[in-house]
Amino acid sequence: MSSMFNLFIDSNIFLNFYDYSKEDLSSLEKLIDLIKKEKFKIYITNTLKIELEKNREDRLRKAFDKFENSKIFFEMPVICKAYEEYEKIKKLQKKLNETKNELSKKLKEDMQNKKLKADKIIQELFKLAKQIDSDKYLEAAIRRKQLGKPPGAVDKTYGDAINWEALLNEIPNNETLIVISG
């Protein structure tokens, strides 16, 4: 068995980095270091890139809308008004809302220009990756689905089956493949 590990990260994992998930971008940064140290080889396919591009905007829109609609407000009873802390809280709330609005503007711009930290890290990973032309595995993926073979045997798309066929055919025999998916 080889000491080199081959890695494939599915688009749903990459999409989590644009969301309210528990994913941490530092884990991808650590992965970049391991790839540069030749501990891992990462593979990507055309299909993965298309899925990521297609779903990125929707995932970002949902996360951004949730952020935009979140409220920063402390409801305080009348009895609080007699205390100096009441005015401090009101001023802090106002400042916090102003800061949130500033962040919103920056986020919108970076989302549109693909300048989010997640975008930069994923782009760097993709530059280090071995790219597989998965288009040539469509027929094999169709056959796989018709036979009811996993992955993606029950869904209506061919993405998982195409990626799987591409990986099975492109990863050298007797080498370890790690697939990270949802």
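Asparagine 174 lies in the loop between α7 (159-170) and β4 (176-180). The model described here is predicted. Phi of asparagine 174 is near 65°, a positive value in a residue other than glycine. At 72% relative accessibility, asparagine 174 is exposed, because the cut-off for that class is over 50%.

**Backbone with positive phi**

Most residues other than glycine have a negative phi. Glutamate 38 is not a glycine, yet has a positive phi of about 60°. Glutamate 38 sits in the loop between α2 (25-36) and β2 (40-45), and with a relative accessible area of 60% glutamate 38 is exposed.

**Helix α7 and its surroundings**

Helix α7 has 12 residues. From its first C-alpha to its last, α7 reaches 16 Å, close to the 16 Å expected at 1.5 Å a residue. The buried residues of α7 are Gly159, Ala161, Ile162, Asn163, Glu165, Ala166 and Leu167. These buried residues pack against the strands β1 (5-9), β2, β3 (130-132) and β4, and against the helices α3 and α6.

The packing of α7 with α6 (residues 138-146) has an angle of about 115°, and the two axes are 8 Å apart. The crossing of α6 past α7 is right-handed. On the α6 side the contact is made by Leu138, Ala140, Ala141, Arg144 and Lys145, and on the α7 side by Ala161, Ile162, Trp164, Glu165 and Leu168. By class, this contact of α6 with α7 has 7 nonpolar and 3 charged residues, and no polar ones.

Glutamate 170 also belongs to α7. Its relative accessibility is 23%, so glutamate 170 counts as partly exposed. Leaving out residues up to four places away in sequence, glutamate 170 touches Lys130, Ile132, Lys136 and Tyr137. With tyrosine 137 there is a polar contact of 2.5 Å between the two side chains. Glutamate 170 and leucine 48 are 122 residues apart along the chain, and their C-alpha atoms are separated by 15 Å.

**Helix α4**

Helix α4 (residues 84-112) has 29 residues. The distance from the first C-alpha of α4 to its last is 43 Å, close to the 42 Å expected at 1.5 Å a residue. Tyr86, Gln93, Lys100, Ser104 and Met111 are buried in α4. The cover over the buried residues of α4 includes α3 (46-69).

Leucine 52 lies in helix α3. Not counting residues up to four places away in sequence, leucine 52 touches Ser11, Phe14, Leu15, Tyr18, Ile122 and Phe126. Leucine 52 and aspartate 10 are 42 residues apart along the chain, with 9.0 Å between their C-alpha atoms.

Aspartate 119 is found in helix α5 (residues 117-128). Residues up to four places away aside, aspartate 119 touches Tyr18, Arg56, Asp110 and Lys114. With arginine 56 a polar contact of 2.8 Å joins the side chains. Tyr18 is among the residues touched by leucine 52 and also among those touched by aspartate 119.

Isoleucine 13 lies in helix α1 (residues 11-16). Beyond its neighbours within four places in sequence, isoleucine 13 is in contact with Ile180, Ser181 and Gly182. Isoleucine 13 and leucine 103 are 90 residues apart in sequence, and their C-alpha atoms are 25 Å apart in space.

**Relative accessibility by residue**

| Residue | Relative accessible area | Class |
|---|---|---|
| Glutamate 170 | 23% | partly exposed |
| Glutamate 38 | 60% | exposed |
| Asparagine 174 | 72% | exposed |

Conventions: Residues numbered from 1 in each chain as written. Predicted model: local features only at pLDDT ≥ 70, side-chain atom pairs only at ≥ 80, totals over all residues. Heavy atoms only, no water. Helix = DSSP H or I, 4+ residues; strand = E, 2+ residues; numbered from the N terminus. Contact = heavy atoms within 4.5 Å. Buried < 20%, exposed > 50% of the residue type's maximum accessible area, 1.4 Å probe, protein only. Polar contact = N/O pair within 3.5 Å; in protein donor to acceptor, adjacent residues only side chain to side chain. Axes fitted to C-alpha atoms, helices over the stretch in contact; angles between N-to-C directions. Left-handed = near helix turned anticlockwise from the far one by under 90°. Nonpolar A, V, L, I, M, F, W, Y, C, P; charged D, E, K, R; others polar. Expected span 1.5 Å × (residues − 1).
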